[in-house]
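Subject: Structure handover

Hello,

Here is the structure I said I would pass on. Please keep it open while you read the notes below it.

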Amino acid sequence: MRVPTFRQLGLICLAGVLVTLVVAVVLSASGTVPAGPATAAVLGAVVLAGIALVSGMVRRLDDKVQRLTARHGRAEEAMERSELENGRRHDDLVKRLGDLDEHVSKAREWVSRDVFTAYQQVEAMIDLRALVTPRAPMPALRHWALSPDALRLIVREAHTRRPGLIVECGSGASSVWLGYVVQSLGTGRIVSLEHDERFANATQDLVRAHDLQDVVEVRYAPLTAWQGENGPKEWYDTSVIGDLEGIGLLVVDGPPGTGGPAARYPAGPELLPRCAPDALILLDDAHRADERAVSDRWLKENEGLVRTEYTFDKHLHAFHRPHPA
């Protein structure tokens, strides 16, 4: 059933009062009902109608107040939830913007560093190409091979020192580049140690392709148990280094770290005693923690050894013993 509105309820009560009043007047005029009782009846009806009207209005107002209060409470709760959610979204947005700024700053640093490094490598490559006239396509540098900036220093030292014997721990592109240098000097030879037989054969093919076999010897030296103290479990087979004496330039760029920590450490105790007094020892990949630790141990365990650090592409540490005064 439809509930009447305030206006409808008021009109119903008013109509009832009017009807009652008319009936009372008619009855009183006809003499059927005395004036006193008729008047009392009318007043009573008016009072009852007023009470009913007021009671209905109060109930309706109370219902409306309750509904409005409940609606207001729900609205306040919704507003609080919205404010909290907006606050969380704002905080999350601020954090994301901060992270984005940090990423952009790092990206700029990486791009700047990469561009500068690439420029250095191109510059070094131009210098290297000016020194060599290859007879076949040259092998690529960087990644597993030496980077151009490090190789340029090695080539420069080979030109300056003219070592009679250059030993490489790890063969590949550097074997070819150094082979051209030694061949152009007309003196010296290179012995490259390689633990991987397939890679040793590939380097030998490169050497023959560039007609450098008269100055470059690739020796297959598989990784075997190493008996030194506080070192890796494996290193190059030491039976292949027995004739290497008076090393003037030692380049340590292997073996890889797959054999365990400090994989290149044995080059110190095994080959440094075989070096000439004025030899230069070079350790590549010194940007890595493992090679850095190897470098520190060599310096600590060999009295009088001096280290120079080059911040090349992959960092290079150079060691030598100064001439006595």
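How many aromatic pairs does a search of the whole structure find? The search finds four. Rings of Phe, Tyr and Trp (its six-membered ring) pair if their centres lie within 6.5 Å; planes under 30 degrees apart count as stacked, over 60 as edge-to-face and the rest as tilted.

Before the details, two notes on the source. This is a predicted model, in which local features need pLDDT of at least 70 and side-chain atom pairs count only at pLDDT 80 or more, while totals for chains, interfaces and linings use all residues. Residues are numbered from 1 along each chain as its sequence is written, and side-chain values use heavy atoms, with hydrogens and water left out.

Aromatic rings

One of the four pairs is Trp-298 with Phe-319: the ring centres are 5.6 Å apart and the planes are at 70°, so this pair is edge-to-face. Trp-298 belongs to helix α7 (residues 289-301) and Phe-319 to strand β9 (residues 316-320), so the pair ties together parts that are 21 residues apart in sequence. Helices (H or I, at least four residues) and strands (E, at least two) are DSSP runs, numbered from the N terminus. Trp-298 is buried, at 1% relative accessibility, and Phe-319 is buried with a relative accessible area of 1%. Buried means under 20% relative accessible area, exposed over 50%, and partly exposed in between (1.4 Å probe, protein chains only).

Tyr-310 and Phe-312 form a stacked pair, with 5.3 Å centre to centre and 15° between the planes. Tyr-310 is partly exposed at 25%, whereas Phe-312 is buried at 19%.

Helix α3

Which residues of α3 are buried? They are Pro-148, Asp-149, Ala-150, Leu-151, Leu-153, Ile-154, Val-155, Glu-157 and Ala-158. The helix (residues 148-161) has 14 residues, which at 1.5 Å a residue should span 20 Å, and its end C-alpha atoms are 20 Å apart, which agrees. The expected span is 1.5 Å times one less than the number of residues. Just after α3, Arg-162 takes a positive phi of about 50°.

Two other places

Leu-100 lies in helix α2 (residues 35-131) and is partly exposed, at 48% relative accessibility.

Ala-276 is in strand β7 (residues 275-284) and counts as buried at 17% relative accessibility. Ala-276 and Gly-246 are 30 residues apart in sequence, but 4.5 Å apart in space, C-alpha to C-alpha.

Regards
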